[in-house]
Amino acid sequence: MQVAIIGGGIGGLTLAIALKKAGISFVVYEATAAIKPVGAGIAIANNAMQVFRHLGVDQALTDRGMRISTVLLTDMELGVLDQTHLTAFEQKYQLANIAIHRSALHQVLVEAVGEEHIQLNKRLQGITIEDSGMYHLEFEDQTSATHEYVIGADGLRSRVRQLLFAPSTLRNAKQVCWRGVLPYTLPATYANAAVESWGKGKRLGFVQLTEQQVYWYFLVDEDRYKPHTTVEEYIEDCPLWIQAMIQQTDPMAIHCDRIYDLKPFSNWYHNKACLLGDAAHATTPNLGQGACQAIEDVYVISKLLERHSLEEALQQFPPIRRSKAHAIVRDSWTLGQIAQFRHPLFVFMRNATFRLLPSFIKKQQIKKMFELNEVAIANPKPKTVD
Ligand SMILES: Cc1cc2nc3c(=O)[nH]c(=O)nc-3n(C[C@H](O)[C@H](O)[C@H](O)COP(=O)(O)OP(=O)(O)OC[C@H]3O[C@@H](n4cnc5c(N)ncnc54)[C@H](O)[C@@H]3O)c2cc1C
């Protein structure tokens with residue numbers, strides 16, 4: 001097998017589908033005993049859905065998820081601050097943003113990859129380079145494997161990055177995030193909307209995942225988080241039905257994490273080793289684009305493979321992707337800080353600004369986010385700095 005993909009997350013599995021499509025042999029090595037994604041629901045935006053259409057899995061995902069046609073920004077009482085309709089983009093691309101359960105997304109991706117290409121319980125521990133230039137991979141279970149190429153799709157704390165690339169910096173956003181899924185049907189107004197409610201130093205979001213399932217998340221500033229507390233203790237200013245919905249969630253279906261991203265760095269490719277997704281450009285979740293950016297990485301590699309060798313495609317992909325991926329990291333970080341303003345004056349000004357923001361500005365930002373960089377893919381730089 002030519003390629004070792006380290007990590008069977010969204011980025012690694014999507015890359016596996018692209019390599020399969022290109023006729024390149026690969027193995028996905030996944031650390032866990034089962035592909036069992038943590039984290040409840042996920043929004044897959046139009047840019048990523050275009051990639052999934054290119055890879056032939058968009059319909060399976062659309063069938064398993066729920067269309068998001070409106071993004072609603074509200075205060076904690078659900079008073080609307082801003083409303084963005086996505087129908088124009090749905091028409092332009094003939095694709096919708098969707099919300100989907102992570103396990104449904106993974107199931108579709110695993111089916112497209114083929115389980116025979118995925119090895120579980122394979123936590124990468126060490127890498128050495130053989131005299132032949134091949135990568136010798138050592139796993140925690142004492143087994144090893146040799147491959148010509150190594151792709152690190154192993155997330156925020158990437159082992160491949162630690163072993164083969166220059167040191168990078170994780171940044172703590174100082175926010176604690178709960179995520180939950182429960183059987184529930186939202187009021188009809190919110191059936192196809194992604195809602196985010198901003199308070200003071202906290203925010204709540206929810207979206208319908210299927211006709212009978214809702215995904216919610218809640219973030220609070222780290223210095224306001226009291227260990228062992230539950231979300232109920234922070235949402236007394238939300239409507240009663242939201243409080244009841246969160247209370248009804250099975251505690252086993254609630255996950256709590258701290259939010260981190262990666263300080264942007266440029267070097268994602270070196271000597272037939274490459275990073276993609278969170279391993280290369282992990283972002284805070286405020287724009288709902290982390291996975292979408294991993295999926296866009298794969299698009300660029302896949303399109304380059306139509307005209308170039310694997311080595312050239314991996315070498316040319318970082319300069320094409322860097323500026324958009326880094327802009328997402330930067331904008332998402334800033335949005336996360338604004339969303340968690342605490343001073344009443346700042347909160348007032350923030351809410352007033354979002355109420356008055358002209359729709360063409362929002363549309364421009366979304367347009368940039370949804371566009372795939374076809375021009376740069378068609379004209380890759382002949383030689384890269386990597
Ligand atoms: C609260 C929250 C909400 C989010 N919401 C959204 C959203 O709505 N939309 C969106 O697009 N993004 C969202 N994201 C971001 C998204 O989850 C990530 O960007 C995405 O999962 C990155 O995919 P990945 O494949 O690069 O990495 P990961 O999903 O982290 O996958 C890495 C895989 O590698 C495996 N692995 C790790 N180390 C090793 C090793 N040593 N050997 C072998 N395997 C290994 C892991 O087990 C895992 O399966 C959210 C993130 C958070 C925290």
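Okay, let's start with helices α9 and α10 (residues 310-339): their axes come within 9 Å and cross at roughly 145°. Axes here are lines fitted to C-alpha atoms over the stretch in contact, and angles run from 0 to 180 degrees between N-to-C directions. Helices are DSSP runs of H or I with at least four residues, strands are E runs of at least two, and both are numbered from the N terminus.

Before I go on, this is a predicted model, where local features need pLDDT of at least 70 and side-chain atom pairs pLDDT 80 or more, while totals for chains, interfaces and linings use all residues. Residues are numbered from 1 along each chain as its sequence is written, and side-chain values use heavy atoms, with hydrogens and water left out.

Back to the pair. For the classes, Ala, Val, Leu, Ile, Met, Phe, Trp, Tyr, Cys and Pro are nonpolar, Asp, Glu, Lys and Arg are charged, and the others, Gly among them, are polar.

Now, α9 also matters for the ligand story: α9 gives the most to the shell around the ligand, with three residues. How many residues surround the ligand? There are 30, and the closest are G11, E30, A43, L124 and D278; near means a heavy atom within 4 Å.

On to polar contacts, pairs of N or O atoms within 3.5 Å. A ligand oxygen sits 2.8 Å from a side-chain N or O atom of D278, R102 puts a polar side-chain atom 2.9 Å from a ligand oxygen, and a polar backbone atom of A43 is 2.9 Å from a ligand nitrogen. The shell has twelve nonpolar, ten polar and eight charged residues.

Last one: α1 and α2 (residues 46-55) have axes that come within 10 Å and cross at roughly 35°, in a left-handed crossing.

Methods:
Polar contact = N/O pair within 3.5 Å; in protein donor to acceptor, adjacent residues only side chain to side chain. Left-handed = near helix turned anticlockwise from the far one by under 90°.
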